[in-house]
Amino acid sequence: MNDLPVAIRLALAAARELVDGEICFVGIGNPSDAALLAKHSHAPEMTLIYESGVVDSDPISKPPLSTGSPSVSQGAKMIADGLAVFSELQAGRIDVGLLSAAQVDPCGNLNSTVIGSYHSPKIRMVGSGGAHDIACLVNRLVILMPHDPRRFKEKVDFITSPGLSDLRSGLKLPPGPVSLITERARFSFESGTAALSAIMPGYGEEDAVEGLSWEVKKTPDFKLIKKFGNKELVAARSCLKYLCK
């Protein structure tokens, strides 16, 4: 397992969160990798939607670098526009969203705007795009994050995409993130903060929480995932071979 690149291991772990038949709003990069892997392994009837308006595509030949990359439309059943797909999101017709960012905190708040202060940042990043809308409106949000301690903050430098909050119920928004996935572990938000619920193959508990800036508790249903299935591994090596270079 650990001979696979980190990006593939992250995709393998995150793909397990997706269910066949779901409608999935997909971010670019790690989220797109995980969604493609799920579609080509256990979830062939899953519908992928990209925020540029592409519906039910299968960009397997070339990884999209942005939602406007030509490859995003490969195999698409429909090409609409951003207004159309975000209207579907607002109407509550998107089952699950996949997002990543530069930083995440224990409540699942995501930062893709600045590192450092907003007005005098060390790094100014791409910002929200459609991530804020997805985080607020999707029925089930899965967060993907490569395991790098710099990304796991007690408090993110800027909240681009909100996580769990008492404000959600008052605004009649879906509950927010349900899981945080790294290549080493799965964290659940059922207790109100990210708690360790599973460890991915090849890692131990210390690996799973190494460098995280908050005290991580374990969920009652905590488990070890001993290995991924052969079908998943075959699909990963086939669909995500661009990550093996």
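Predicted model: local features only at pLDDT ≥ 70, side-chain atom pairs only at ≥ 80, totals over all residues.
Trainee: How many helices and strands does the protein chain have?

Mentor: The protein chain has seven helices and 14 strands. Its radius of gyration is 17 Å, close to the 18 Å given by the globule rule for 245 residues, so the chain is as compact as a globular protein of that length.

Trainee: What share of the contacts with a separation of 6 or more is accounted for by residues 24 or more positions apart?

Mentor: Such residues account for 64% of those contacts in the protein chain.

Trainee: Why is Cys24 called buried?

Mentor: Buried means under 20% relative accessible area. Cys24 has 0%, and therefore counts as buried. Of the 245 residues of the protein chain, 50% count as buried.

Trainee: What makes Cys107 partly exposed?

Mentor: The partly exposed class lies between the buried limit of 20% and the exposed limit of 50%. Cys107 has 25% relative accessibility, so it counts as partly exposed.

Trainee: How do you know that the sulfur of Cys24 is too far from the closest cysteine sulfur for a bond?

Mentor: A disulfide needs two cysteine sulfur atoms within 2.5 Å. The closest cysteine sulfur to that of Cys24 is in Cys239, 15 Å away, and therefore too far for a bond. For Cys107 the closest is in Cys136, at 15 Å, so this too is too far. The structure holds zero disulfides.

Key
Residues numbered from 1 in each chain as written. Heavy atoms only, no water. Helix = DSSP H or I, 4+ residues; strand = E, 2+ residues; numbered from the N terminus. Rg over C-alpha atoms; globule rule 2.2 N^0.38 Å. Buried < 20%, exposed > 50% of the residue type's maximum accessible area, 1.4 Å probe, protein only. Contact = heavy atoms within 4.5 Å.
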